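Hi,

Here is the structure I said I would pass on. Have a look at it first, and then read my notes below.

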Amino acid sequence: MKTYLVTGGAGFIGSNFIHYMFDRYGDDIKIINVDLLTYAGNLENLSDVKNNPNYSFVKADICDKVEISKIFADNDIDSVVHFAAESHVDRSIKDPEVFARTNVIGTLNMLNCAKEAWETNDGFKEGKRFLHVSTDEVYGSLTEEGTYFYETTPYDPHSPYSASKASSDFLVKAYVDTYGFPALITNCSNNYGPYQFPEKLIPLIINNVLTGKKLPVYGDGKNVRDWLYVMDHAKAIDMVIEKGRIGEKYNVGGHNEKQNIEIVKIIIDTIKEMLPEDDERQAHINYDLITYVEDRKGHDRRYAIAPDKIRSEIGWEPDTMFAEGIKLTIRWYFDHTEWMEHVTSGDYQKYYEEMYK
Ligand code: NAD
Ligand code: DAU
């Protein structure tokens, strides 16, 4: 039986990954989820697996050497899947420090603890893998149509978030190059799907449409992001762990580039279509909710992934096209209004009010 140590498993992509893995491998795997439960971590995301004897949760900080080493000492970890991070660009602009701590120091500590546990006299134990989950934002911003991020594109991060992720990628690469450490990196484009915290564009817009709030669009709304359904990202991570070459990085994306304003309009149209005609919310759902607001500082213009390497080397293809994925996502938010109430109360609510007052 293979044992996975998942960091940040109570967050958006981590929790979807845990669901994906148990659906795919059932009792053949064990997952230990280590998460600090920051504002972005929510154990409600994992309520259906919490009683699974092959799943366990440890509340700990990835920067904590003692706690993380203990997990490695108590368990024979085969693969680390490292999601834990501060992930929101706007927060990084307001408070960069925690991004450096979690994303850089936290990753360094995870690398050190795994290295200590896995190192032998002549290298590393057989079959061990450290998959570092990174982002396309490390490549910076594309300006011209028809250009893409390749694995060979030079790093050019602009926000404190992307700079911290780029730093963590370099540390992972340094461990491969220096020690022969068995790590791999994935650089994925924007994810969407169930359990995404409503500070990110898609769940924020869905929630605001449903509750009749303004829809804040930064700048001219023409910034482009390349959207991927979260379960396709989970599948890519699993396949890279299984088939990827140690020391390599793999871009993950499904060629689904859209301007932000297009996304907002698609969500408005789709929600109108999906709600019953006599639903009282129909009356307020229209494009008048769209409000152009001050642009994000240093706002990257366009991201677009070239997924050629993961397709040809690993055989990964996305399964869920955007037209279907956005409906699945909206349906999920329709059905999880309590989840939304829980995550929009407390600290997050204060942050939200400050940003959009
Ligand atoms: P998220 O913010 O939803 O979740 C992050 C999780 O990490 C939370 O559960 C949080 O509690 C946990 N965490 C934060 N600090 C921690 C610490 N010090 N110790 C332990 N746990 C801690 O993030 P997400 O959107 O699920 O992103 C997961 C990873 O994927 C991140 O590394 C992010 O950079 C990367 N990524 C995200 C996207 C995207 O579109 N969301 C795309 C590509 C890559
Ligand atoms: O590209 C991968 C990255 O995608 C991940 O590494 C990050 O963790 C993840 O947060 C995401 O970053 P973005 O900044 O692209 O995502 P966000 O949802 O914050 O914003 C998407 C776009 O929408 C971006 O151009 C900013 C814009 N936006 C965002 C919000 C929250 C708005 O116009 N209005 C908004 O209210």
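Are α6 and α10 parallel, perpendicular or oblique to each other? Before the answer, one caution: this is a predicted model. The axes of helix α6 (residues 201–211) and helix α10 (residues 322–335) cross at roughly 55 degrees and come within 11 Å. Angles from 65 to 115 degrees would count as roughly perpendicular and those under 35 as roughly parallel, so α6 and α10 are oblique to each other. Their crossing is right-handed. On the α6 side, the contact is made by Ile202, Pro203, Ile206 and Leu210, and α10 brings Phe322, Ile326, Thr329, Ile330, Tyr333 and Phe334. Sorted by class, that contact has nine nonpolar residues, one polar and no charged ones.

Now for the sheets. One is an open sheet of seven strands with parallel pairing, in the order β3-β2-β1-β4-β7-β8-β12. At its edges are β3 (55–59) and β12 (249–252), each of which pairs on one side only. From one strand to the next, the twist averages 20 degrees. Val34 has Val58 in β3 as its bridge partner.

Two helices to look at here are α2 and α7. Helix α2 (residues 65–74) packs on the sheet and touches β1 (2–7), β2, β3 and β4 (79–82), with its direction at about 170 degrees to that of β2. Helix α7 (residues 230–243) also packs on the sheet, where it touches β1, β4, β7 (129–135), β8 (183–188) and β12, and its direction makes about 145 degrees with that of β7.

There is also an open sheet of three strands, ordered β9-β11-β13, and its pairing is mixed. β9 (190–192) and β13 (257–259) stand at the edges with a single partner strand each, so one side of each has no neighbour in the sheet. The twist in this sheet averages 50 degrees from one strand to the next. β9 runs parallel to strand β11 (residues 224–229), joined by three bridges, and Tyr192 has Tyr229 in β11 as its bridge partner. Helix α8 (residues 260–274) lies across β11 and β13, at about 85 degrees to β13.

Last, the aromatics: a search of the whole structure finds 19 pairs. In one of them, the ring centres of Tyr139 and Tyr155 are 5.5 Å apart and the planes are at 90 degrees, so the pair is edge-to-face. Both Tyr139 and Tyr155 lie in the loop between β7 and α5 (160–179), so the pair ties together parts that are 16 residues apart in sequence.

Cheers

Terms used:
Residues numbered from 1 in each chain as written. Chains lettered and ligands numbered in written order. Predicted model: local features only at pLDDT ≥ 70, side-chain atom pairs only at ≥ 80, totals over all residues. Heavy atoms only, no water. Axes fitted to C-alpha atoms, helices over the stretch in contact; angles between N-to-C directions. Helix = DSSP H or I, 4+ residues; strand = E, 2+ residues; numbered from the N terminus. Parallel < 35°, antiparallel > 145°, perpendicular 65-115°, else oblique. Left-handed = near helix turned anticlockwise from the far one by under 90°. Contact = heavy atoms within 4.5 Å. Nonpolar A, V, L, I, M, F, W, Y, C, P; charged D, E, K, R; others polar. Pairing = 2+ DSSP bridges. Phe/Tyr/Trp six-rings, centres within 6.5 Å; stacked < 30°, edge-to-face > 60°.
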